[in-house]
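The stops below are meant to be followed in order.

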Amino acid sequence: MSGGEKLGSHILERLRFYEELGVKWARKGVAPPSNPSRGPARGRPAAGSSQASRPASSVYHEARTMFDSLPEKQETLQAIREDLGDCQRCKLAPSRKNIVFGSGNPRAELMFVGEAPGADEDDQGLPFVGRAGQLLTKIIEAMGMKREDVYICNILKCRPPGNRNPEPTEIASCEPFLFRQIASVKPKVICALGTFGAQTLLRTKEPISKLRGHFIDYRGAKLMATFHPAYLLRNPNEKRRVWEDVQKIRDYLKSLRDS
Ligand code: SF4
């Protein structure tokens, strides 16, 4: 294959990938990323309209105050991980293989927060490494970023048996470590993936279908909720909405860099 044919093949592959995500900028008049080369029962949304209306800010008062007990001095992720230790703080500890703390850039502008590790993540001790994780990587790259540019973690650091939903006592035990991670990384944007990620961070019971699609002020950052990649694997038609959401993140981060 000649160099030109290889390049053509590469471009076609990339276009197929964007199509797979539901990205059709040519037909919709949306500009492609400036540098595309840089760039399972989990994550279900509650029923409801996918056209979000912005919830009242008062809903999120508790979400803001929960950071008040954090240490004044900025902690490193390593210190937080050491404090977590061989955590036995909730009943998920005995059944886990590995604690999945989080991975990525400790100074990331963009932080993804999912729900809990699945089987692949439990095996490897890394977040989002299964099929849903591969899709998340594609989404990040479609935004013109690399996976190592962002920071990725979950509400829970241990896998719930059978990928069942997290229980309130488990979330209560584990979420202080997430909040410390957020305070350490200080991202410009937090992307909450799926129902539990969004509801836990925002202290709300609003369905993800209502929360997604718009920025919410969150501790000096912007929070964007969107559907979980695992949900997209079961509902590929919703990829279009996720692409709309992450485009807003991409454009907001670009506007910060340009200002
Ligand atoms: S889920 Fe969190 S609180 Fe529970 S044992 Fe694992 S690390 Fe500890």
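**Before selecting anything**

This is a predicted model: local features need pLDDT of at least 70, side-chain atom pairs count only at pLDDT 80 or more, and totals for chains, interfaces and linings use all residues. Residue numbers start from 1 along each chain as its sequence is written.

**The whole chain**

Colour the protein chain by secondary structure: there are 11 helices and six strands. Helices here are DSSP runs of H or I with at least four residues, strands are runs of E with at least two, and both are numbered from the N terminus. Of the 259 residues in the protein chain, 39% are buried. A residue is buried if 20 or more other C-beta atoms lie within 10 Å of its own, exposed if 12 or fewer, and partly exposed in between, with C-beta atoms placed from the backbone.

**The sheet**

Select the strands. They form an open sheet of six strands with mixed pairing, in the order β1-β3-β2-β4-β6-β5. β1 (103–104) and β5 (215–218) are the edge strands, each with a single partner, so one side of each has no neighbour in the sheet. Two strands count as paired if DSSP finds at least two bridges between them.

Next take β4 (residues 189–193) and β6 (residues 221–226), which run parallel and are joined by five bridges. I190 has L223 in β6 as its bridge partner.

Then move to β5, which pairs with β6 in the antiparallel sense over four bridges. F215 stands opposite M224 in β6. Which residues of β5 are on its covered face, and which on its uncovered one? I216 and Y218 are on the covered face, F215 and D217 on the uncovered one. The β5 and β6 hairpin has two residues between the strands, and R219 there takes a positive phi near 50°. R219 is not a glycine. With 19 C-beta neighbours inside 10 Å, R219 counts as partly exposed.

**Helix α8**

Select residues 194–202. Nine of the nine residues of this helix, α8, are buried, so it is largely enclosed by the rest of the structure. The buried set includes G194, F196, Q199 and L202. α8 lies across β2 (110–114), β4, β5 and β6, and runs at about 130° to β4. Angles run from 0 to 180 degrees between N-to-C directions, and axes are lines fitted to C-alpha atoms, for helices over the stretch in contact. Helix α11 (residues 239–258) also packs on the sheet, touching β2, β4 and β6, and its direction makes about 165° with that of β6.

Return to α8 and pick T195, which lies in this helix. T195 counts as buried, with 25 C-beta neighbours inside 10 Å. Just after α8, R203 takes a positive phi of about 50°.

**The nonpolar core**

Show M111, V113, I190, C191 and A192: these have the most contacts inside the largest nonpolar core, which has 56 residues. Helix α6 (residues 131–142) gives the most to this core, with six residues. A nonpolar core is a set of buried Ala, Val, Leu, Ile, Met, Phe, Trp, Tyr and Cys residues joined through C-beta atoms within 7 Å.

Centre on M111. Leaving aside neighbours within four places in sequence, M111 is in contact (C-beta atoms, placed from the backbone, within 7 Å) with V150, Y151, I182, V185, P187 and I190.

**The ligand**

Select the ligand and its surroundings. Its shell has 13 residues, of which C87, C90, K157, C158 and C174 are the closest. A residue belongs here if its C-beta atom, placed from the backbone, lies within 6 Å of the molecule. Helix α7 (residues 168–185) supplies the largest share of the shell, three residues.

**Two loop residues**

Go to F128, in the loop between α5 (119–124) and α6. Phi of F128 is near 50°, a positive value in a residue other than glycine. F128 is buried, with 29 other C-beta atoms within 10 Å.

Finish at N163, in the loop between β3 (151–154) and α7. N163 counts as partly exposed, with 16 C-beta neighbours inside 10 Å. N163 and A119 are 44 residues apart in sequence, and C-alpha to C-alpha they are 7.9 Å apart in space.

Key. Two residues are in contact if their C-beta atoms, placed from the backbone, lie within 7 Å.
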